[in-house]
Amino acid sequence: MIFREFHRDDIGGICELINCELGYNVAENDLSLRIKQMQDDKNYCIFVAENNNEVIAFIGVHIGLAFEYSGKIARIIALAVKKEYQRQGIGTKLLQTAESYLNENHVELITVNSGIRRGKAHCFYEKQGFYKKGYSFAKTVF
């Protein structure tokens, strides 16, 4: 198994993970355009886990600033592991890969939002040292 930075030919595998594991309905063409925008913005990073030339997991992170912290912070914007590979330490290794990158880039804090019904994900994040900080709200503005 290989843990590495994203390559353009990983889009199909990431799209499958977003649709199957995270439960969203994302078209590969649309995802490709968004990832291209992310790659053009140096505040995003994407890492994948690959097994036998297949993307089986990925993590996407956005680096930014916050009013309440003096240093840079990162927000995990997606993390998914293919069902048959879950509970094998792959998510942990991906998170560690991202944390190493963030440490090298002087990021002080990592945050993540996780859906209310994703109890297993909540347990995973708590096991990784994350703590519950508050609620997440969303609103469509147009």
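**Walking through the model**

Modeller: Asn29 is a place to start: this residue sits in helix H2, which covers residues 28-40. Keep in mind that this is a predicted model.

Colleague: Is Asn29 buried or exposed?

Modeller: Asn29 is exposed, because its relative accessibility is 64% and the cut-off for exposed is over 50%.

Colleague: And how far is Asn29 from Ile11 in space?

Modeller: The two C-alpha atoms are 9.1 Å apart, while Asn29 and Ile11 are 18 residues apart in sequence.

Colleague: Zooming out, how many helices and strands does the protein chain have?

Modeller: There are four helices and five strands. In sequence order the protein chain runs β-α-α-β-β-β-α-β-α. Its radius of gyration is 15 Å, close to the 14 Å from the globule rule for 142 residues, so the protein chain is as compact as a globular protein of that length.

Colleague: What does the C-alpha trace span along its principal axes?

Modeller: The span is about 40 × 35 × 35 Å.

Colleague: What share of the residues is buried?

Modeller: Of the 142 residues in the protein chain, 36% are buried. The accessible surface of the chain is about 9,800 Å², and carbon and sulfur atoms hold 50% of that.

Colleague: What about contacts between residues 24 or more positions apart?

Modeller: Such residues account for 59% of the contacts in the protein chain, counting contacts with a separation of 6 or more.

Colleague: Switching to charges, how far apart are the mean positions of the positive and negative ones?

Modeller: They are 7 Å apart, with 18 positive and 17 negative charges in the protein chain.

Colleague: Now the rings. How many aromatic pairs are there?

Modeller: The count is three aromatic pairs. One of them is Phe47 with Tyr101: the ring centres are 5.7 Å apart and the planes meet at 65°, so this pair is edge-to-face. The cut-off for that label is over 60 degrees between the planes.

Colleague: Where do Phe47 and Tyr101 lie?

Modeller: Phe47 is in strand S2 (residues 44-51) and Tyr101 is in helix H3 (residues 90-104), so the pair ties together parts that are 54 residues apart in sequence. Phe47 is buried, at 6% relative accessible area. Tyr101 is partly exposed, at 22%.

Colleague: What sort of aromatic pair do Phe124 and Tyr125 form?

Modeller: Phe124 and Tyr125 are edge-to-face, with 5.2 Å from centre to centre and 70° between the planes. Tyr125 counts as buried because its relative accessibility is 9%, and the cut-off for buried is under 20%.

Colleague: Which residues do ring pairs link into a cluster?

Modeller: The cluster is made of Phe124, Tyr125 and Phe130.

Colleague: Last topic, the backbone. What is the phi of Asn52?

Modeller: Asn52 has a positive phi of about 50°, although this residue is not a glycine. Asn53 also has a positive phi, near 65°, and is a residue other than glycine.

Colleague: Where is Asn52 found?

Modeller: Asn52 is in the loop between S2 and strand S3 (54-64). Asn53 is found in the loop between S2 and S3 as well.

Colleague: Are those two buried or exposed?

Modeller: Asn52 is exposed, with 71% relative accessible area. Asn53 is exposed too, with 73%.

Notes:
Residues are numbered from 1 along each chain as its sequence is written. This is a predicted model: local features need pLDDT of at least 70, side-chain atom pairs count only at pLDDT 80 or more; totals for chains, interfaces and linings use all residues. Side-chain values use heavy atoms; hydrogens and water are left out. Helices (H or I, at least four residues) and strands (E, at least two) are DSSP runs, numbered from the N terminus. The radius of gyration is taken over C-alpha atoms; the globule rule is 2.2 Å times the number of residues to the power 0.38. Buried means under 20% relative accessible area, exposed over 50%, partly exposed in between (1.4 Å probe, protein chains only). Contact means heavy atoms within 4.5 Å. Accessible areas come from the Shrake-Rupley method with a 1.4 Å probe; for residues, only the protein chains shown count as cover. Lys and Arg count as positive and Asp and Glu as negative; His and the chain ends are not counted. The place of a charge is taken as NZ of Lys, CZ of Arg, CG of Asp or CD of Glu. Rings of Phe, Tyr and Trp (its six-membered ring) pair if their centres lie within 6.5 Å; planes under 30 degrees apart count as stacked, over 60 as edge-to-face and the rest as tilted.
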